[in-house]
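Okay, thanks for having me, let's get going.

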Amino acid sequence: MPRVSQDHLDARRRQILDGARACFGRYGYEGATVRRLEEATQLSRGAIFHHFRDKESLFLALAEDDAARMADVVAEQGLVQVMRELLSGRSQHPADWLGTRLEVSRRLRTDPEFRARWAERSEQLTTATRKRLSWQRQAGNLRDDISIEVLAAYLELVLEGLVSHLAMGLPADDLEPVLNLVEESVRRHRGLNPA
């Protein structure tokens with residue numbers, strides 16, 4: 001039997017994640033049946049579950065993959081940039097990412113086992129945000145009257161609000177000035193005398 005290369009296995013895993021992202025985004029976790037996952041990935045259930053133990057493991061890997069991609073953007077450009085990309089549609093899978101993010105939020109609220117498994121993985125985004133904020137503070141660009149932890153929590157809360165806004169189908173074409181305000185609110189203002 002011929003051996004399959006690691007590149008082939010990695011490409012197959014990426015194909016499964018990309019198809020599953022679209023499927024979970026469209027149907028939610030419960031509605032993403034094995035048959036729908038097969039259709040979305042264009043692979044058999046055997047091929048899908050060769051790479052992932054079960055549907056929950058697949059969903060968790062997908063959510064983790066999305067969180068890692070977000071953390072990469074945060075590390076390079078900050079959490080506000082993640083929000084800007086979500087608004088502009090420039091992120092790699094904006095609509096599907098939103099569906100996955102919403103499904104993660106729902107499952108965190110309703111599934112204690114998922115909440116425990118996700119807690120281990122979600123720290124990646126918080127860590128990237130805090131590192132970026134610390135770097136910005138050291139460079140003199142970030143206000144120093146509020147702790148990094150509070151600033152990170154503030155930005156993560158704004159992200160969750162944006163996700164909710166988009167999930168409700170509310171207009172998003174006028175939110176760029178709002179993100180400018182959010183960004184400006186965490187910056188250090190030089191040369192201003194307190195009143």
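So, reading along the sequence, the pattern is α-α-α-α-α-α-α-α-α. That's nine helices and zero strands, where helices are DSSP runs of H or I with at least four residues, strands are E runs of at least two, and both are numbered from the N terminus. The C-alpha trace spans about 75 × 40 × 30 Å along its principal axes.

Some housekeeping. This is a predicted model, with local features needing pLDDT of at least 70 and side-chain atom pairs counting only at pLDDT 80 or more, while totals for chains, interfaces and linings use all residues. Residues are numbered from 1 along each chain as its sequence is written, and side-chain values use heavy atoms, with hydrogens and water left out.

How confident is the predictor? pLDDT is its confidence in each residue, from 0 to 100. The chain averages 85, and 92% of the residues score at least 70.

Now the records. In the model, residues 10-70 are 87% helix and 0% strand, with the end C-alpha atoms 20 Å apart. For residues 33-52 it's 75% helix, 0% strand, and 15 Å between the end C-alpha atoms.

On to packing. How do α1 and α4 cross? Their axes come within 10 Å and cross at roughly 105°; axes are lines fitted to C-alpha atoms, for helices over the stretch in contact, with angles from 0 to 180 degrees between N-to-C directions. So α1 and α4 are roughly perpendicular (65 to 115 degrees; under 35 is roughly parallel, over 145 roughly antiparallel, the rest oblique). In contact, meaning heavy atoms within 4.5 Å, are residues including Arg13, Leu17 and Phe24 from α1 and Phe59, Asp65 and Arg69 from α4. That contact divides into nine nonpolar, no polar and 10 charged residues (nonpolar: Ala, Val, Leu, Ile, Met, Phe, Trp, Tyr, Cys and Pro; charged: Asp, Glu, Lys and Arg; polar: the others, Gly among them).

Then there's α5 (residues 79-88) with α8 (residues 148-167): axes within 10 Å, crossing at roughly 10°. That makes α5 roughly parallel to α8. This contact has 11 nonpolar, no polar and one charged residue.

Last, aromatics: the whole structure has five pairs. Phe24 and Phe59 have ring centres 5.0 Å apart and planes at 80°, so they're edge-to-face (centres within 6.5 Å, using the six-membered ring for Trp; planes over 60 degrees edge-to-face, under 30 stacked, the rest tilted). The pair links Phe24 in α1 to Phe59 in α4, 35 residues apart.

Technical notes:
pLDDT is the predictor's confidence in each residue, from 0 to 100.
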